[in-house]
Amino acid sequence: MKDRIPAVKLQNISKHFGPVAANSHVNMDIFRGEILSLLGENGSGKTTLMNMLSGIYYPDEGEIFVDGNPVTIASPRDAFDLGIGMVHQHFKLVDVLTAAENIVLGLDGKLDIKNATKKIREICDKYGFEVDPAQKIYDMSVSQKQTVEIVKVLYRGAEILILDEPTAVLTPQETEKLFAVLRKMKEDNKAIVIITHKMHEVESLSDRVAVLRKGEYIGDMITKETNAEEMTNMMVGRKVSLNIKRPDPVNPKDRIRVRDLTVRSEDGVIKLDNINFTARSGEILGIAGISGCGQKELLEAIAGLQPVETGSIEYVEDDGSYEQLIGKDPKKIRDMGVSLSFVPEDRLGMGLVGNMDLVENMMLRSFENGSSPFTDRKAPYELAKNVVEELDVVTPGISTPVRRLSGGNVQKVLVGREIASAPKVLLTAYAVRGLDINSSYTIYDLINKQKEAGVAVIFVGEDLDVLMELSDRILVLCGGKVSGIVDGRTADRAQIGLMMTRVGGSK
Amino acid sequence: MMKTKKHEPLLHIVKRDSMSYKKAVLIRIAAIVAALVLCAIITMVVTGQNPISVYGTMGIGAFGTARKTWVTFQNVSILLLISLALTPAFKMRFWNIGGEGQVLMGGLAAAAVMLKLGDKIPNPLLIALMTLAAILAGGIWSVIPALFKAKWNTNETLSTLMMNYIATQLVAFFTVLWEMPKGSGKIGIINQNTNAGWLPNIGGEFIGSKYLLTIIVAALITAAMFIYLAFSKHGYEIAVVGESVNTARYVGIKVEKVIIRTVFLSGAICGIVGLLLVGGINHTLTTTMAGGQGFTAVMVSWLAKFNPIIMIFASLLIVFLSRGAGEVATNFSLNQSFSDILTGIILFFIIGCEFFIRYKITFRRGGHKK
């Protein structure tokens, strides 16, 4: 096996950003006819390394060989010329153009949509993609957009395919479909590199795993000969336990009662349709669903950020008295103890200010306290120090702008601040999106601690396996409707998958 | 598929992560030196003059006599005040380029009070009313676009710009209405005999007393603005709204309220400038009173990265250049355009060096690094 010529050979590659070494002296091989999983914690340099292959960054040091020849990749165009194509985590598509137009965008030669369409159809037939070349991007679902991205790199003749967290936005069914396609490409003797944080995907899909830690190459293993435990230990550099606790709820009481809630978006589309449920104290209510089917609107409606058409949201006190949340402003609701830690797709878009440092971000919650016209910086300073210490936030200092922190650390800062106010209700969405396995488990632990402290947790998640391990009950949303509420301890994966695509889950 | 090794590109542009304060200052100084050297070469080649004496003349133009120095500082104060006025709005990412119009409206309101109530009420009350009128007029002039922005998200750059022209036309209208003497097409010195409504000369009978008030007002507002932006709750809200409207809403900041409040403040300070120009410096009202400083201030505010303290030096630089360049033009009997060229070159270098502070250029391996 080792005497094959690698499709790509990275030799002694280093890349620095300012004083930070994103990659140092990485040696790695990528082979044809093989799916390689690239593993590593957040900030371990996986994406940077792949960006150097796809011509977005240029290495400070080291050499790259393609099929045994030394090459220079100074731009994405060079990468395409060498047959290297990358599907990024954030899609790079022009919304108002069609799939075919996006695919040929930036290519030399005369614009010939007809021919392009024919070629796109051929690629789709070969690998089993479902793409309508004439469909506009803004009409597409996330998984369709991703398909367009993959077809785009294949259209340009990519032989070496890099996918950066491709399954983060897909349903289980869509993920399976993608994997089938990737396996077909592998049979076609293409080299495939996939970056993912989900262990079961690594195990079911890849042939080989390569591990990066803090920018350094740790080693590689044949997937069949290893297991999740070992891979995680290698990533983190010490032993990690991979069990999510699920303590039994203690004395649960109704805390948030949602009745007949209907929400319309600004352009009149129904986002939530007649939603009914109750969230209880000391309990984690998981919310499952394909992305964009009402999760965001639901949380924002509870937090007072989303105008509601009809229905009621009641906040219930321990003694059974209740107050209507609809019509209250976000600040009032927050003061009542309802805390929203919403992690949007761009992570910094809401809840944190990227250009501000940790102290100033802590201040977002407390700056209005007191009657002085000046802000109090002392309390947020202490809080920032505490959060950094208790949650092991990796940061050069508390006066570093949060946008410089890696994803996991940004998340810890956000969650740390939210739970510092001792909320009664904790709303979290995609709390572990893009986080590596170690950081994810830290976050699960934090959430469990809140649950044990009697907080009613509403946890919007993406990874079904996690939802099923963590939640006491799971509410499945489908197109803005409640498709069903199931017990987390007895839930069946396939059943939830069906409920996500069809209300009630029946055929 | 087979490829031969291509040449590595000659240089890469790499974004810097951060740069030490000292190094950034050094780069800026280097830029100014480079600009001066280039200006010297151009001066020599084009005019045959000795560049050193040209620079000397610039210095004399700005600081040659006590009076010149006072005027320079007065001009700096006015430009600084307008820059300070724009800054809170800019920090909120509200691009107020209507400083010109807001100054004019403040001046118009002050002039109206001076003309209509002068000698009818006690002077202190008159000045208080002028101040109030100027602040309100400037503030209201800026709040109109802010309201549209807050309610319907209209583009503030366009609307504040257009408000400038409306203000100019309004001032032109009142100039004709209040002209004296009749037929002159201008207002002339207001209350020339009684000096009613003229802002006081402070500090007694020395040469600078005429200019001191403006300078003191500028110093006070600079300090206040620095504290307001850096330490007050309002300043913090401005920064959050500027960075992310979503985050601001999420933590319960009333975004519309902050926009209107901040932009009113912006216009109000412009109004004060109008008051100083009409009541303290010119004692008359003209359509060209603001003299384009509403736009120059945009550059000053940006050059200083919205920091009120650095803004002092930025406005000093701009005023020095324009006063010095004027002196050069008359002394060496050069065309006024020549001094504009020098000013242009210096500004180009100062603004251009920001590129080197933000990015690093790495040359091909084996080459040297910059």
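Which residue in β5(A) is the bridge partner of Val66(A)? The partner is Asn69(A), and this pair is taken up again below with the sheet to which it belongs. The structure is a predicted model, in which local features need pLDDT of at least 70 and side-chain atom pairs count only at pLDDT 80 or more, while totals for chains, interfaces and linings use all residues. Residues are numbered from 1 along each chain as its sequence is written, and chains are lettered from A and ligands numbered from 1 in the order in which they are written.

Chain A contains 16 helices and 20 strands; helices (H or I, at least four residues) and strands (E, at least two) are DSSP runs, numbered from the N terminus. The radius of gyration of chain A, 24 Å, is close to the 23 Å given by the globule rule for 507 residues, so the chain is as compact as a globular protein of that length. The radius is taken over C-alpha atoms, and the rule is 2.2 Å times the number of residues to the power 0.38. The C-alpha trace of chain A spans about 75 × 50 × 45 Å along its principal axes. Of its 507 residues, 48% count as buried. A residue is buried if 20 or more other C-beta atoms lie within 10 Å of its own, exposed if 12 or fewer, and partly exposed in between, with C-beta atoms placed from the backbone. Among the contacts in chain A with a separation of 6 or more, 67% are between residues 24 or more positions apart; two residues are in contact if their C-beta atoms, placed from the backbone, lie within 7 Å.

Chain B has 13 helices and two strands. Its C-alpha atoms fill a box of roughly 90 × 60 × 35 Å, taken along the principal axes. Of the 370 residues of chain B, 42% count as buried. For contacts in chain B between residues at least 6 apart in sequence, 76% join residues at least 24 apart.

Chain A is divided into domain 1 (8-236) and domain 2 (254-350 + 408-505), with bounds that come from an automatic or database domain assignment. The centres of the two domains, taken over C-alpha atoms, are separated by 32 Å. Each domain of chain A gives 17 residues to the contact between them. On the side of domain 1, the elements that give two or more residues are α6 (172-187), α7 (199-205) and α8 (228-236) of chain A. The largest share of that side, three residues, comes from α8(A).

An open sheet of chain A is formed by four strands in the order β2-β1-β4-β5, with antiparallel pairing; two strands pair if DSSP finds at least two bridges between them. Its edge strands, each pairing on one side only, are β2 (20-30) and β5 (69-71) of chain A. Neighbouring strands of this sheet are turned by 30° against each other on average, direction ignored. Strand β4 (residues 61-66) of chain A pairs with β5(A) over three bridges in the antiparallel sense, and Val66(A) has Asn69(A) as its bridge partner in β5(A). Helix α1 (residues 46-53) of chain A packs on the sheet and touches β1 (8-17) and β2 of chain A, its direction making about 115° with that of β1(A). Axes are lines fitted to C-alpha atoms, for helices over the stretch in contact, and angles run from 0 to 180 degrees between N-to-C directions.

A further open sheet of chain A has four strands in the order β12-β11-β14-β15, also with antiparallel pairing. Strands β12 (270-280) and β15 (322-324) of chain A are its edges. Seven bridges join β11 (residues 254-264) of chain A to β12(A) in the antiparallel sense, and Val263(A) stands opposite Leu272(A) in β12(A). Helix α9 (residues 295-302) of chain A lies across β11, β12 and β14 (310-316) of chain A, at about 60° to β12(A).

In a regular strand the side chains alternate between the two faces of the sheet. Strand β6 (residues 84-87) of chain A has both faces covered: Ile84(A) and Met86(A) on one side, and Gly85(A) and Val87(A) on the other, are all buried. Strand β6(A) runs parallel to β7 (residues 160-164) of chain A, to which four bridges join it, and Ile84(A) stands opposite Ile160(A) in β7(A).
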